[in-house]
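Student: Could you take me through one part of this model closely? I would like to hear about a charged pair of side chains and what surrounds that pair.

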Amino acid sequence: MSADPHQQALIKAARRLGIETIYDGDPSQSPCDRVIYRTRERSVTIVEGCIYPGLTPQVDALCADKHRTKSVFRQCGIPSPRSIQLDRNAADLQQQLETFWADAPSGSQVVCKPTLGTNGEGVTMGLRDIESLYTAIQRAASDTLVIEEQADGYDLRLQVIGDRVVAACIREPAYVTGDGHSSIGQLMADRDRSIQTQNPQNRLLVNDETLQLLEKAGMTVDDCPAAGEKVTVKQVANIGQGGMAIDVTDTLHERYQAWVDCLAHSLPLDIFGLDLISPNPQADPKENHTVALEVNAQPQWLHHTFSERKQHDIPKLILEYLLQL
Ligand SMILES: Nc1ncnc2c1ncn2[C@@H]1O[C@H](COP(=O)(O)OP(=O)(O)O)[C@@H](O)[C@H]1O
Ligand SMILES: [Mg+2]
């Protein structure tokens, strides 16, 4: 049995749909988890549960690079936050930062993230001055970084299958809700266990970001919040880091589908995730300063299967699409 939670979900869906599954090669020999899904008419191979046959190495590399992806956003008329890409070893680093900062509206905040990052790892948000930006750059795990204006709004994630937006959810950074007697550390450990039952790869762990957020709020992990009190323990809204997914598919504004049509044809790619920041997913994104952050060419979609309000059978939709059922 595959150890990958996305592949496991696909295998379960295949069993329900009467689709044959075959492990491609010896999993102990191959570093990749490859499964063939086969009907009488067709077969497809899915690697690690999220690499589908339509993804070419060129498109994969384009989407992995947050700076290059912006050229496709521009081509499709999709706004994205103003940004620069820089090498932190560049001789003129200070000059580049000053030029970037000079054009930022006063009071704005900046994000520093690896050009090739995933899962919210290494993303530093809320940088308010050039000194803290400089510190974030020096602490970053990568040399090549994107420095970007921080957008306000909900973290909106769209799942696209065969050019269609099939699911949309907003993601909230991880929080815990007090019960009057457990400490923040205990509440986080409880939620960590519970989210691992949804996807064993998702974790809610205390890290520097947690400690800084709590310190700003005048708290520590040993404090016990009052019953019902909500304490935010992460800044980034990634599900992999304990974030909550709240489904908004049924009320999503129709322009998102038009944007996805253009992206699907321009990249080109048929199955992907699109990350945006939107103040209100129901409203026209052209008119409310919605911006696109990145295209996930190897999309994680399990959160749509356990989101709040509505759940989607994404593995079934993927198999039906790929096998033309
Ligand atoms: N410019 C930005 N404005 C607001 N939030 C951002 C911005 N860039 C990143 N974030 C936050 O960080 C998260 C991760 O950033 P993203 O660009 O999607 O990279 P990845 O998911 O590959 O790590 C986003 O989901 C969002 O919460
Ligand atoms: Mg992302």
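Tutor: Happy to! Let us begin with arginine 171 and aspartate 275, whose side chains meet in a salt bridge with an N to O distance of 3.2 Å. This pair links distant parts of the chain: arginine 171 sits in strand β9 (residues 164-172) and aspartate 275 in strand β13, 104 residues apart. A salt bridge here is a side-chain nitrogen of Lys or Arg within 4 Å of a carboxyl oxygen of Asp or Glu. Strands (E, at least two residues) and helices (H or I, at least four) are DSSP runs, numbered from the N terminus.

Before going further, a word on the ground rules: this is a predicted model, in which local features need pLDDT of at least 70, side-chain atom pairs count only at pLDDT 80 or more, and totals for chains, interfaces and linings use all residues. Residues are numbered from 1 along each chain as its sequence is written, chains are lettered from A and ligands numbered from 1 in the order in which they are written, and side-chain values use heavy atoms, with hydrogens and water left out.

Back to our pair: arginine 171 and aspartate 275 are both buried, where buried means under 20% relative accessible area, exposed over 50%, and partly exposed in between (1.4 Å probe, protein chains only). The two also belong to a network of salt bridges that links Asp155, Arg157, Arg171 and Asp275.

Aspartate 275 has a metal contact as well. Asp275 (OD) and Glu294 (OE) coordinate the magnesium ion, ligand 2, at 2.0 to 2.1 Å. Because aspartate 275 lies in strand β13 (residues 271-278) and glutamate 294 in strand β14 (residues 291-296), the pair ties together parts that are 19 residues apart in sequence. Glutamate 294 is buried, as is aspartate 275. Donors are N, O and S atoms within 2.8 Å of the metal (3.2 Å for Na, K and Ca), and water is not among the atoms, so sites may look incomplete.

For context, the structure holds 17 salt bridges. One of them joins the side chains of aspartate 192 and arginine 203 at 2.9 Å, N to O. Here aspartate 192 is in helix α6 (residues 184-198) and arginine 203 in the loop between α6 and α7 (208-216), eleven residues apart. Aspartate 192 is buried, at a relative accessible area of 7%, whereas arginine 203 is partly exposed, at 34%.
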